[in-house]
Amino acid sequence: MGSLDLVKLAGLLLTLLAAWYLGYLFAAFVSEEIITTSIANLQDIGKKPVLRAPVPKRQKCDHWSPCSPESYAYRILSGGGKEKLAKICFEDELLISEEKGNVGRGINVATVNYKTGKVTSVKLFDMWEGDHSGEMMTFIKNVPEGSLLFMVTHDDGSTRLKNDAKKLVEELGSKEIRNMKFRSSWAFIAAKGFKLPDNIQKEKINHSDKKKNRYDGWPAEIQIEGCIPRNLI
C-alpha cells in the first residue's frame, strides 16, 4: 500500500469518527420526543389534508331546511302497509305515531291551538268497522275557532265515510276528500276560523292500484310538510 492510500484511509477513518461523535452529541442534547415528532412531520409532508364535512344539523320534524323562528314546522306522513303507521309531527313533537300508541286504521286527527302552538286533542275514527263518520263530524264541528287540524289516513279511511262528513271536510278546504277510495293514502291540513297561505302544502292523496302499489294491497305512503307563519291571526 502506497503512502497516498494510507493518507486516504486515515482521512476516511477520521470522517467516520467525526460523524459518530456528532451523532453522539446530537442524541445527548436532543430529546427523543423531538426526534419522534420531527420524523412524523417529515412523513406527513406531501400527504393531502383530509376534509370532513360538518354533520348536518337535524331540523324540526326532520325537515331538509329549517323553518324560521316566526313559523311553525309540520310534517304529516300517511300509513304505508301494515308495518308503516301514520305520523303527525308539529314543532318537532309527534302528535300521532306508533311510538305514542295513538295511531290506527281510519282517519287520524290532531288539533292544535294556533296561538299557543299546543296540541288540544287527538282522535282516531275507524272507517272500516262501525259508524264513526258522524262522530268525526261532531268532533270537527266542536273544534274551536283559531285551531289547526291535521288529518291523515292509515289503511282504509273511506269505506264508511259518508257524504255529509266529506262535505264538512271539503268546507275546510279539502280538494281530494271526495276522491278518497279504499286504502287511499291521504294527508290534509286545515285551519278553522282563519286562512292558511296558498303557497304551503295542504293536501296530498295516493290511490291503491294493483299494478303500482308499493306494498301488497297498499299504495305507497305520502307526506306533506312545511312552515306555517305565526302571524295569520
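A salt bridge here is a side-chain nitrogen of Lys or Arg within 4 Å of a carboxyl oxygen of Asp or Glu. The model is predicted, so local features need pLDDT of at least 70 and side-chain atom pairs count only at pLDDT 80 or more, while totals for chains, interfaces and linings use all residues. Residues are numbered from 1 along each chain as its sequence is written, and side-chain values use heavy atoms, with hydrogens and water left out.

Select K195 and D198, whose closest N and O atoms are 2.7 Å apart in a salt bridge; both residues are exposed (exposed means over 50% relative accessible area, buried under 20%, partly exposed in between, with a 1.4 Å probe and protein chains only).

K60 sits in the loop between α2 (32–44) and β1, and E91 in the loop between β2 and β3, 31 residues apart (helices, H or I, of at least four residues and strands, E, of at least two are DSSP runs numbered from the N terminus).

Then select I228, which, leaving aside residues up to four places away in sequence, touches E70, S71, Y72, Y74, Y114, L148, I189, L196 and I200, where contact means heavy atoms within 4.5 Å. Together with L148 and F150, I228 touches the most other members of the largest nonpolar core, which has 23 residues; such a core is a set of buried Ala, Val, Leu, Ile, Met, Phe, Trp, Tyr and Cys residues joined through side-chain atoms within 4.5 Å.
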